[in-house]
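Dear colleague,

I am handing over the structure that follows, together with an account of what was found in it. Please read the notes with the structure open beside you.

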Amino acid sequence: MKIIKHSGDIVEFSADKLKSSLLKSGASAVVVENILQTIKKQMYEGISTKHIYKMAFGLLKKTANSHAARYNLREAIRLLGPAGFFFEKYIGRLFASEHYETKTNITLQGKCVLHEIDVLVKKNEHVSMIECKYHAGRDAASDVKVPMYILSRFNDLKERQHAIFEKKDSISKCWIVTNNRFTTDAVDFAKCSGLNLLSWNYPEDNNLKTKNDTHYLYPVTCLTTLSIAEKDKLLILDVILVKEIINHSDCLEKIGLSSNRIKNVLKEASELCGFI
């Protein structure tokens with residue numbers, strides 16, 4: 001059966017791919033098989049992947065909110081836009097979970113010009129700059145022009161010492177992070193130039209998806225028990241990760257949730273982060 005992707009491309013439906021993504025939500029094999037059979041019965045020639053996703057999300061939500069939330073991860077990261085400001089904060093949290101010191105939105109003087117840096121991190125005396133490339137569209141990709149441009153900024157900045165974490169820090173590494181993907185040319189150029197890349201699916205074994213699952217770094221935007229407006233309020237309060245709600249549940253009172261709804265949100269958050 002032919003289905004239509006977000007990009008408009010027409011491809012053959014793969015039950016195995018759908019099954020794999022459903023299993024990654026944490027649902028049992030029995031639940032996944034039932035969902036798969038239900039979706040197959042409602043499919044038709046030319047159905048969109050968006051429609052299939054909505055059906056899968058709805059069926060998962062009936063089994064457990066946390067399963068639907070985990071399945072919704074990629075979309076949740078996209079919801080950290082539209083400008084990408086909260087995506088930068090999220091990336092700062094991600095590096096902090098790996099024992100980096102972090103700072104966001106810093107302006108530094110390079111050898112030639114001023115540069116606004118999204119995230120700066122330090123570990124083992126090494127300081128790295130991180131440039132975040134947020135894409136609102138699901139199929140957008142960062143092409144080779146992105147690492148070429150950022151390499152020139154990195155070269156300008158590493159020529160000088162800066163007052164970042166210490167009075168005299170030198171930037172020795174550079175990362176480029178995107179919520180979508182990099183083109184093949186972008187990856188090849190980055191490898192050749194010594195730049196580090198991180199995307200939804202790159203590197204293969206240590207990407208945004210795997211880092212989330214390893215460290216429970218789910219953004220609050222993935223929670224199904226909150227409205228979009230409520231999620232936005234939490235982001236404004238600098239509550240970026242689901243685990244931060246568990247540790248500071250008073251933030252849910254601050255955004256006006258009733259005690260019963262707070263209980264439901266905390267239940268989903270705890271299940272999602274493996275606390276129960």
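In this predicted model, strand E1, which covers residues 2–4, pairs with E2 in the antiparallel sense, and three bridges connect the two.

A second pairing to look at is that of strand E4 (residues 101–109) with strand E5 (residues 114–123), which is antiparallel and runs over eight bridges. Within this pairing, Leu108 has His115 in E5 as its bridge partner.

Turning to the division of the chain, an unreviewed UniProt entry carries the annotation "domain: ATP-cone" for residues 1–82. In the model, that span is 62% helix and 10% strand, and its end C-alpha atoms are 34 Å apart. The domain assignment of the protein, on the other hand, gives domain 1 as 2–63, domain 2 as 85–214 and domain 3 as 219–273. Taken over C-alpha atoms, the centres of domain 1 and domain 2 are separated by 34 Å.

H6 is mostly covered, with nine of its 12 residues buried. The buried residues are Phe86, Phe87, Glu88, Lys89, Tyr90, Ile91, Gly92, Leu94 and Phe95. Phe85 also lies in helix H6, but this residue counts as partly exposed because its relative accessibility is 38%, which falls between the limits of 20% and 50%. The C-alpha atom of Phe85 is separated by 14 Å from that of Leu241, although the two residues are 156 residues apart along the chain.

The aromatic residues come next. A pair of aromatic rings is described by the distance of the centres and the angle of the planes. Over the whole structure, the search finds seven aromatic pairs. In one of them, the ring centres of Phe95 and Tyr100 are 5.2 Å apart and the planes stand at 75°, so the pair is edge-to-face. The ring of Phe95 also pairs with that of Trp175, where the centres are 5.3 Å apart and the planes are at 80°, so this pair is edge-to-face. The pair links distant parts of the chain, given that Phe95 is in helix H6 and Trp175 is in strand E9 (residues 169–178), 80 residues apart.

Elsewhere, Tyr53, Phe57 and Tyr71 form one aromatic cluster. There is also a charge over a ring, in that Lys103 lies over the face of Phe165, at 5.6 Å from the ring centre.

Finally, some backbone features may be worth checking in the viewer. Most residues other than glycine have a negative phi, and most peptide bonds are trans. The peptide bond from Tyr202 to Pro203, however, is cis, with omega near -5°, and Pro203 lies in the loop between strand E11 (196–198) and helix H9 (208–215). Glu125 has a positive phi, near 70°, in a residue other than glycine. This residue has its place in the loop between E5 and strand E6 (126–133), and its relative accessible area of 64% makes it exposed. Asp238 likewise has a positive phi near 70°, and is found in the loop between helix H10 (228–236) and helix H11 (242–247). At 33% relative accessibility, Asp238 counts as partly exposed.

With kind regards

Terms used: Residues are numbered from 1 along each chain as its sequence is written. This is a predicted model: local features need pLDDT of at least 70, side-chain atom pairs count only at pLDDT 80 or more; totals for chains, interfaces and linings use all residues. Side-chain values use heavy atoms; hydrogens and water are left out. Two strands pair if DSSP finds at least two bridges between them. Helices (H or I, at least four residues) and strands (E, at least two) are DSSP runs, numbered from the N terminus. UniProt positions are given in the numbering used here, feature names are shortened, and annotations may be inferred rather than shown by experiment. Domain bounds come from an automatic or database domain assignment. Buried means under 20% relative accessible area, exposed over 50%, partly exposed in between (1.4 Å probe, protein chains only). Rings of Phe, Tyr and Trp (its six-membered ring) pair if their centres lie within 6.5 Å; planes under 30 degrees apart count as stacked, over 60 as edge-to-face and the rest as tilted. A charge sits over a ring if NZ of Lys or CZ of Arg is within 6 Å of the ring centre and within 35 degrees of the ring normal.
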